[in-house]
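Thanks for making time this morning.

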Amino acid sequence: MSDNTVTHVVSFSCKEYDEQALCRVFDETIHAKYLEVPLDANTVVYAKQAKVITAFVNDDLSAPILQQLNDYGVELIALRCAGFNNVDLAEAKRLGLRVVRVPAYSPYAVAEHTIGLMLALNRKFHKAYNRVRDGNFALKGLLGFDMHGKTVGIVGAGRIGRLVGKMLKAFGCHVLIYDPYSCEACKELGIKQVELNTLFENADIITLHCPLTPESTHLINDQSIATMKKGVMLINTGRGALMDSKALIEGLKSKKIGYLGMDVFEREGALFFEDHSCEIIYDDEFERLLTFPNVLVTGHQAYFTEEALSHIAETTAQNIYEYRKQGKDSKRLLNEIEIS
Ligand code: NAI
């Protein structure tokens, strides 16, 4: 691709709000096709003639799909998200496909939503909203606790995890953090870095902000839950498969888990971002989780702010322009995912 030619870009899982944000930043050299459908074996055909595709969190970028994209002549996969657990990176490398992402669109959006889930679960806003509208002003069942003085454990000391820590320090919480790497910035924030088991054993609230990798898959499982405080609050705005849903159900039934807030779910690809309100939902574990009064689920909306949408669109456009300028055989692009 040379700098001044027209570039065909096909965007999958592209809702109206994504399209509007992308339209604002793509210039006339981008011939864009915006598709609401997710990328999968049935829809990959729409990538024919595209040099670039853009994709989101639940799009299927497994080996067979990558192979087909490559056959169609796609050169660049521009993820409109930070996480890349849905991409077979080894296959992308083998095929010579370049993969770029938006490393941080708004850590504030996700951090603020995380705090929102904690507060809503603690003070039971979801229950209070319905009660008051029904003329029921009784407080029984709405008892909360002071955040002040509680110990919060953060898993993952990246951009979002550190921000959550900073916000919780302002509440007067004791903040512990676990990350495989040493976090200098955490020390400056007064956040104590500890081993994972220490965090699990001591935290009243545990919140997940690490990427989904083979090591972190089902980090929250029967064994880890057994080591936690009785009545612990668990929050996950990271990726669904960081938690084993079966273990969550058992933990909730035994009251070991006192509160559960999730913005992500391990099989969310079949559910989230679409209206299924007139259909039967066949995921029994998901439905069981929704029956608990102390569970609050949002549908992967933590990132969903105006600022984040603009930032995603801007960075996606910059990623495409940079690739076009540098060419197919260029050195590593600014937001390219390193494939070892
Ligand atoms: P980041 O890359 O800045 O930080 C991730 C941190 O996790 C790094 O410090 C890394 O060393 C650490 N880490 C890696 N493996 C770990 C493990 N096994 N245990 C503990 N820590 C580990 O990422 P950022 O921007 O803070 O995002 C974190 C995650 O949040 C993303 O990977 C993504 O999955 C999720 N996310 C969710 C969104 C939503 O809307 N719900 C939106 C954006 C991100």
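What you see is a predicted model, in which local features need pLDDT of at least 70 and side-chain atom pairs count only at pLDDT 80 or more, while totals for chains, interfaces and linings use all residues. Residues are numbered from 1 along each chain as its sequence is written, and side-chain values use heavy atoms, with hydrogens and water left out.

If we take a disulfide to be a pair of cysteine sulfur atoms within 2.5 Å, the count comes to one. The partners are Cys 183 and Cys 186, whose sulfur atoms sit 2.2 Å apart, and because the torsion about their S-S bond is about 80 degrees, this disulfide is right-handed. Both Cys 183 and Cys 186 are buried, where buried means under 20% relative accessible area, with a 1.4 Å probe and protein chains only.

Cys 81, by contrast, is in no disulfide, and the nearest cysteine sulfur, in Cys 14, is 13 Å away; Cys 81 is also buried, at a relative accessible area of 0%. For Cys 210, the closest cysteine sulfur is that of Cys 186, and at 14 Å it is too far for a bond, although Cys 210 is likewise buried, at 15%.

Turning to Thr 114, this residue lies in helix 4, residues 107–123, helices being DSSP runs of H or I with at least four residues, numbered from the N terminus. Its relative accessible area is 0%, so Thr 114 is buried.

Methods: Buried < 20%, exposed > 50% of the residue type's maximum accessible area, 1.4 Å probe, protein only. Helix = DSSP H or I, 4+ residues; strand = E, 2+ residues; numbered from the N terminus.
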